[in-house]
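Hello,

Here is the structure I promised to pass on.

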Amino acid sequence: MKFGVKSLIGSVILGFIVASSVVVLAQEPSFQVVYPPPKHQTSADRIFFLGTAPTSGQVLINGKAIKRSQSGHFAPSLPLQPGENTFRINYQNQTIQIQVTRLSTQPEIPQGLAFAKDSLTPVVDIARLPGELICFSAIATPKASVSVKLGNQTIPLSPQPQQVQLPGNSAALTGRNQPAVNNGASKYEGCTTALADHTTSDAVVADNTKEIDLGKPQFQLTQNGKTINQVGTGKITILSRAKLPVVEVTADAGVARTGPSTDYSRLTPLPKGTRAAVTAKEGEWLRLDYGSWINSKETTIIPGAIPPRSIIRSVGYRPLPNMTEMVFPLQVPVPVSVQQSNQTFTLNLYNTTAQTDIIRLDDNPLISRLDWQQIKPEQVQYTFNLKKNQQWGYKLRYEGTSLVLSLRHSPILSSKQKPLSGIKILLDPGHGGKEPGASGPNGYLEKDVNLKVSKLVRDELVKRGATVVMTREDDKEVSLPQRQAIIDKEQPAISISIHYNSLPDDGDAENTQGVATFWYHPQAHDLAIFMQKYLVKTRKRPSYGVFWDNLALTRPASAPSILLELGFMSNPDEFEWVTDEKEQKKLARAIAQGIVEWFKSVK
């Protein structure tokens, strides 16, 4: 599975050892270290060494013997000092030397009268509404006087208390996700509610009819009677409320986020054709009028368009064999968001005002009732009360200016002869081709065991009557968008992505093992919990946990989609279980039977 680190591990393996996709596990292993590579850089405070050697004799790291599995594999974690760390791994008369550089996560402390490198913000061009808060920051030596000149305004920047640095999301996987305090350099911050021309009143500025370019801010640093000036890299623009630019989403599913970068969380994707006014800009990111941010590359500007607003009257109803389609006629395609819960599906239409007096919805196999309310002046909320807890997938699209919501019905078993007759299941063997995934201590690649176990699971599901679709059946590269597209096209009852696990650099590989399950949409939560408990119990494996995670193979909304991490490639002992063919077959049977039992339990 890719947590960022694992993709690095995979690429490193390909460059560091020429590992065959086919490994004869029964042979005595040769001495090798598959991770880290010889000149590795990391910000972690420790690193694990993943490798193997013949079972006879000892393996030493910097003169100290390390623990190994029965097959000779090892994965000790060792502390790192800031800067360069040299490790010598010895087996008999063989030596492998690896240098690991621990990079500092603390802000650079400037030397003398200077701003820290790349510390001035905003870094990129930004645009804001008149009167909206604009903030600046810089890192410099303590006890200095710092200010910013913007137009004819001078904004003082004040030294802030000790800054807290949050760890990356992957820290949740190692249990080391506590904030850290930055020491050393001082951070100076200040804000202003900039007026467009810095001379007129707020009321006049609010009515301006063109954008105002305020240029780049000039930062000033004074200490001990000496002063330096430095121009910022980001230009400041004040938008015109009367002439906000309007964009249309050109991607099939525009990625809406909580902030202006890919670091921010995803929101409900925007269907192709969605229109919205732009209320802020930050680099290539646009803030849309309903609150989310989208990359400008997924949009196009509509010249001369006014901020989109719509009314809605009747709501249409299309009963289809395997789904129900609800049609919302609008004057213009507006932004939307979705929330799922037990027995409810909630759809929000933004920039929309209801004039609704009638809705047709006959007795339906899925929906018991549709309620709506105008929860804000320009936000209408539709709540579908469902007959069952389990939801089976949905799609949103625009047909012209009408929003179409497709809600899938429960799959129907076609025969009592076999428990999964009539059920289509998609299996996704993770990675493949140039994407190796994680590595075991002897160089055995995750992509290979993913495919092998997926085929075993497929065979077990077919025995139980299921129709099985595979995203790949050989060692080929299938991109994440291609895998998502296969799920959307095939519309399986459920989708399961098969992976094996590894850890970030600071993980305790020697002592971390177990099964984990990942989900994203609430419709997949029950399946995730059930499969995790079933596999842990029936195969008597440790539980690494159940995680809500924004992964490419848990994001498809057209079917309940989960990702299984069936064990750790990076754990010397569990790796032996992972690669045991008898255990693989037992695991495949457990996965297939777990799916059967889940379908029986669904309400």
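A word on terms to begin with: a disulfide is a pair of cysteine sulfur atoms within 2.5 Å. This is a predicted model, so local features need pLDDT of at least 70 and side-chain atom pairs count only at pLDDT 80 or more, while totals for chains, interfaces and linings use all residues. Residues are numbered from 1 along each chain as its sequence is written, and side-chain values use heavy atoms, with hydrogens and water left out.

The count comes to 1 disulfide. Cysteine 135 is joined to cysteine 191, with 2.0 Å from S to S. The link is right-handed, at 100° about the S-S bond. Cysteine 135 sits in strand β12 (residues 133-140) and cysteine 191 in strand β17 (residues 186-193), so the pair ties together parts 56 residues apart in sequence. (Strands are DSSP runs of E, at least two residues; helices are runs of H or I, at least four; both are numbered from the N terminus.)
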